[in-house]
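Please read the following report alongside the sequence and the model, which are shown just below.

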Amino acid sequence: MRERVAVIGLGYIGLPLSLSFAMKGTPVIGVDANPRLVEEINAGITHHLESYQGKGIQDILQEELASGRFRATTDYREAVPGALAIVVTVGIPIKNGDPDTSPLLSAIASIGELLEPGQIVIVRSTVIPGMTGGVIREILEEKSGLEAGEDFDLAYCSERIAEGRAFEEFENMPVALAGVNGRSAAAAEAVIAKVTTKAPIHRASDMAVVEISKVMENVQRDVNIAMVQEFARLTEALGLDIHEVIAVANTHKRVHLLTPGPGVGGYCLPNALYYMLPRAEEHGVPLELLRLARRINDHVPAFLAAQVDRWVKGKGKAPSDVTVAVLGIAMKDFSSDDRISPPLDTVERLQQSGYRVKAFDPAVPTPYPFKVENFEEAIRGADVILILARQEGIPFEEISRWRPLAAPELFIVDTRNVYRPEMLASLRVDYWKI
Ligand code: SAJ
């Protein structure tokens, strides 16, 4: 009786998913194309900031490795043969607005070559709607000589976890799935139910329904954020605090406004529209609002750089005379993820304008040349402080202590609603909040 699960792709989704299966008693062999990543994982090392019931992901990883319930490899032959199910979490990167499906389809081909009758393939990657029942099914059938829905099962089950809450949300986030037929849907549901133990599993009539629902779930969030970025420009003009206005609006039981920030990053939201566009363009559907929202969110780093320029010019200074301390470069608060991170776009724009930039973010391991390794070094002599992500280890609340380290005239750009103006009154700070 097959019991083991193969998880293909050991990134921000695949590693926590593998460990979720393993912790709940289902052995997993994980596959990743990156040998250094596989080596690090098998050595019990990960940089993700996930935790479960107070235990960090690195401790969980070490326990599951020690128990023998989980290990990683680069070799599909170790993972696919004999597996009950093969769960695919390989992403589709977007390059200049175009989805690059090659990493995913290469993984699918490797699976197809080893696929055995009776196995279940569950695609969890966010895909271009129609892919699972189209090109993915075709490759699996062609490589294996088996028929989907008959000889093996094929299903699509979107993943919805938010980074930083992976373990909890693998357990308690409702799941949507569909199979090539009812048998595949049932087979996939039995596997997913091993990790989704505290939430309903919704079956849809067709895999494309779940694929496009997933993309829409993220696009609507992107649009919401673009909308509040525009609301913030109006409330600023009216001298009102956008965060208070949003909090008041959200007291309406059917209103859920998100909050403006330093831009929309991460591997998910900024990419979502580009998974939708190929199908829309095939059918001549313009998606004007969605494209405009994406442009509004993409523009935020330039907008922030313009705020800095405005203040510097107002002081009669030139960028080359000004040092900017950037606090937080991750794509969102309390994250180590800098894959698609708007703060990095802001840093690049400032550097191109001639500013000297020192960035501090204790959660992001990437050693950028402009990144300094301690907070005081970032702040020392800074004329401008850009707050772009909250992190453990950035002592925002100790501003009275460290204010003297910065320049006598100081401009703080706060995109995380860290301060209220009255907290800064005695500290000789010009303050702007998004
Ligand atoms: N952001 C804002 N304002 C907000 C919320 C987020 O500016 O009010 C920004 C964040 O700073 C970040 C970006 O948006 O740069 C994405 O943040 P996120 O909170 O959406 O985090 P993700 O990308 O880890 O998770 C999203 C979630 N999608 C939805 O909530 C609809 C998650 O549930 C998905 O599983 C995930 O994308 C994904 O994997 O698709």
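How do the residues of the shell around the ligand divide into nonpolar, polar and charged? They divide into 8 nonpolar, 4 polar and 7 charged, where Ala, Val, Leu, Ile, Met, Phe, Trp, Tyr, Cys and Pro count as nonpolar, Asp, Glu, Lys and Arg as charged, and the others, Gly among them, as polar. This is a predicted model, in which local features need pLDDT of at least 70 and side-chain atom pairs count only at pLDDT 80 or more, while totals for chains, interfaces and linings use all residues. Residues are numbered from 1 along each chain as its sequence is written, and side-chain values use heavy atoms, with hydrogens and water left out.

**The ligand and its surroundings**

The ligand is surrounded by 19 residues, of which Arg160, Ile161, Lys214, Asn218 and Met331 are the closest; a residue is counted here if one of its heavy atoms lies within 4 Å of the ligand. Helix H9 (residues 207-237) supplies the largest share of this shell, 5 residues, helices (H or I, at least four residues) and strands (E, at least two) being DSSP runs numbered from the N terminus.

| Residue | Part of the residue | Distance to a ligand oxygen atom |
|---|---|---|
| Arg160 | polar backbone atom | 2.6 Å |
| Ile161 | backbone N or O atom | 2.6 Å |
| Lys332 | side-chain N or O atom | 3.1 Å |

Taken alone, the ligand exposes 760 Å², and the protein buries 88% of that; accessible areas come from the Shrake-Rupley method with a 1.4 Å probe, and for residues only the protein chains shown count as cover.

**Aromatic pairs**

The whole structure holds 6 aromatic pairs, a pair being two rings of Phe, Tyr or Trp (its six-membered ring) with centres within 6.5 Å, counted as stacked if the planes are under 30 degrees apart, edge-to-face if over 60 and tilted for the rest. Trp311 and Phe411 form a stacked pair, with 5.2 Å from centre to centre and 15 degrees between the planes. Because Trp311 lies in helix H13 (residues 300-314) and Phe411 in strand E16 (residues 410-414), this pair ties together parts that are 100 residues apart in sequence. Both Trp311 and Phe411 are buried, which stands for under 20% relative accessible area, with exposed over 50% and partly exposed in between (1.4 Å probe, protein chains only).

The rings of Phe360 and Phe375 have centres 6.0 Å apart and planes at 65 degrees, so this pair is edge-to-face. It links Phe360 in strand E14 (residues 356-360) with Phe375 in helix H15 (residues 375-379), 15 residues apart. Phe360 counts as buried because its relative accessibility is 6%, and Phe375 counts as buried at 4%. Ring pairs join Phe360, Phe375 and Trp402 into a cluster.

**Strand E15 and its partners**

Strand E15 (residues 384-387) points Val384 and Leu386 one way and Ile385 and Ile387 the other way, and all of them are buried. Strand E13 (residues 323-327) runs parallel to E15 and is joined to E15 by 4 bridges, two strands being paired if DSSP finds at least two bridges between them. In this pairing Leu327 stands opposite Ile387. E15 also pairs with E16 in the parallel sense, over 4 bridges, and there Leu386 stands opposite Val413.

Conventions: A polar contact is a pair of N or O atoms within 3.5 Å; within protein, one must be able to donate a hydrogen and the other to accept it, and residues adjacent in sequence count only if both atoms are side-chain atoms.
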